[in-house]
Amino acid sequence: MDLRYPIGQFKYEGELSDEQRSRAIREIAEVPVKLRAAIQGLNEEQLNTPYRPEGWTVRQVVHHLPDSHLQAYTRFKLGLTEEEPTVKPYDEVRWANLADTRDTPVDVSLGLLDFLHRRWVILLGSLRPQDFARRFLHPELGAMTLNKNLALYAWHGRHHIAHITSLRERMGWR
């Protein structure tokens, strides 16, 4: 198994059906609860363990999720309120090495993720199917529909939670 992609790489197979969209929204809604479960009972040493050689620590993964999902939430709002806006990418590796990632208790990011996902799921639930066809332009990824961004971030939450749960399994951390 490739430790970088414990659930496989993201694959987008075209616009989502209503059922697939509902499932993706449910998956996004579940991320905060599943992340809390994934790190439950871990001590500081375990939180500071990389999930793979040359990889981020569990702590960095926990802080990365709200960093990244804030970006996604903002991109949804821009895509809904502007005509094909160009979004700004960010250097997630550099963000993961800033003091607020190194020195902040994980509970802070868990709380942020809880409230962010509440807002995000309310927004997603309010959209009409045609709203998901709206687009934004990503300088590195090109034109992205909100459908594709939804699928990407449903995968993204599962992907990073699997980094933690697969590490726990390999290390025998119960």
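Start by selecting Glu54, in the loop between helix H2 (44-47) and H3. You are looking at a predicted model. Glu54 has a phi near 70 degrees, a positive value in a residue other than glycine. Is Glu54 buried or exposed? With 79% relative accessibility, Glu54 counts as exposed.

**Next stop: Glu84**

Move along to the loop between H3 and helix H4 (92-95), and pick Glu84. Glu84 is not a glycine, yet its phi is positive, at about 40 degrees. Its relative accessible area is 35%, so Glu84 is partly exposed. The cut-off for exposed is over 50%, and for buried it is under 20%.

**Zoom out: the whole chain**

Show the cartoon for the protein chain. How many helices and strands does the chain have? There are 7 helices and 2 strands. Trace them from the N terminus and you pass α-α-α-α-α-α-β-β-α.

Now the dimensions. The C-alpha trace spans about 45 × 30 × 30 Å along its principal axes. A compact globule of 174 residues would have a radius of gyration near 16 Å, and the protein chain agrees, with 16 Å.

Switch to the surface again. The accessible surface of the protein chain is about 9500 Å². Carbon and sulfur atoms hold 51% of that accessible surface. Of the 174 residues in the chain, 47% are buried.

**Select H1 and H3**

Colour helix H1 (residues 18-39) and helix H3 (residues 58-81). Two packed helices are described by the angle between their axes and the distance between the axes. Here the axes come within 11 Å and cross at roughly 175 degrees. How are H1 and H3 oriented to each other? They are roughly antiparallel, because an angle over 145 degrees counts as such.

Show side chains at the contact. From H1, pick Val31, Leu35 and Ile39. From H3, pick Val58, Val62, Leu65 and His69. By class, this contact of H1 with H3 has 6 nonpolar residues, 1 polar residue and no charged residues.

**Stay on Ile39**

Keep Ile39 selected, in helix H1. Its relative accessible area is 8%, so Ile39 is buried. Which residues does Ile39 touch, leaving aside neighbours within four places in sequence? Display Val58, Val62, Val106, Leu110, Ile164 and Arg168.

Now draw a distance from the C-alpha of Ile39 to that of Asp91. These residues are 52 apart along the chain, and their C-alpha atoms are separated by 25 Å.

**Step across to Leu110**

From Ile39, follow the contact to Leu110. Leu110 is in helix H6 (residues 106-126). Is Leu110 buried or exposed? Its relative accessibility is 4%, so Leu110 counts as buried.

Show what surrounds Leu110. Leaving aside neighbours within four places in sequence, Leu110 is in contact with Leu35, Arg36, Ile39 and Val62.

Finish with one more distance, from Leu110 to Leu78. The two residues are 32 apart along the chain, with 25 Å between their C-alpha atoms.

Notes:
Residues are numbered from 1 along each chain as its sequence is written. This is a predicted model: local features need pLDDT of at least 70, side-chain atom pairs count only at pLDDT 80 or more; totals for chains, interfaces and linings use all residues. Side-chain values use heavy atoms; hydrogens and water are left out. Axes are lines fitted to C-alpha atoms, for helices over the stretch in contact, and angles run from 0 to 180 degrees between N-to-C directions. Helices (H or I, at least four residues) and strands (E, at least two) are DSSP runs, numbered from the N terminus. Angles under 35 degrees count as roughly parallel, over 145 as roughly antiparallel, 65 to 115 as roughly perpendicular and the rest as oblique. Contact means heavy atoms within 4.5 Å. Ala, Val, Leu, Ile, Met, Phe, Trp, Tyr, Cys and Pro count as nonpolar, Asp, Glu, Lys and Arg as charged, and the others, Gly among them, as polar. The radius of gyration is taken over C-alpha atoms; the globule rule is 2.2 Å times the number of residues to the power 0.38. Buried means under 20% relative accessible area, exposed over 50%, partly exposed in between (1.4 Å probe, protein chains only). Accessible areas come from the Shrake-Rupley method with a 1.4 Å probe; for residues, only the protein chains shown count as cover.
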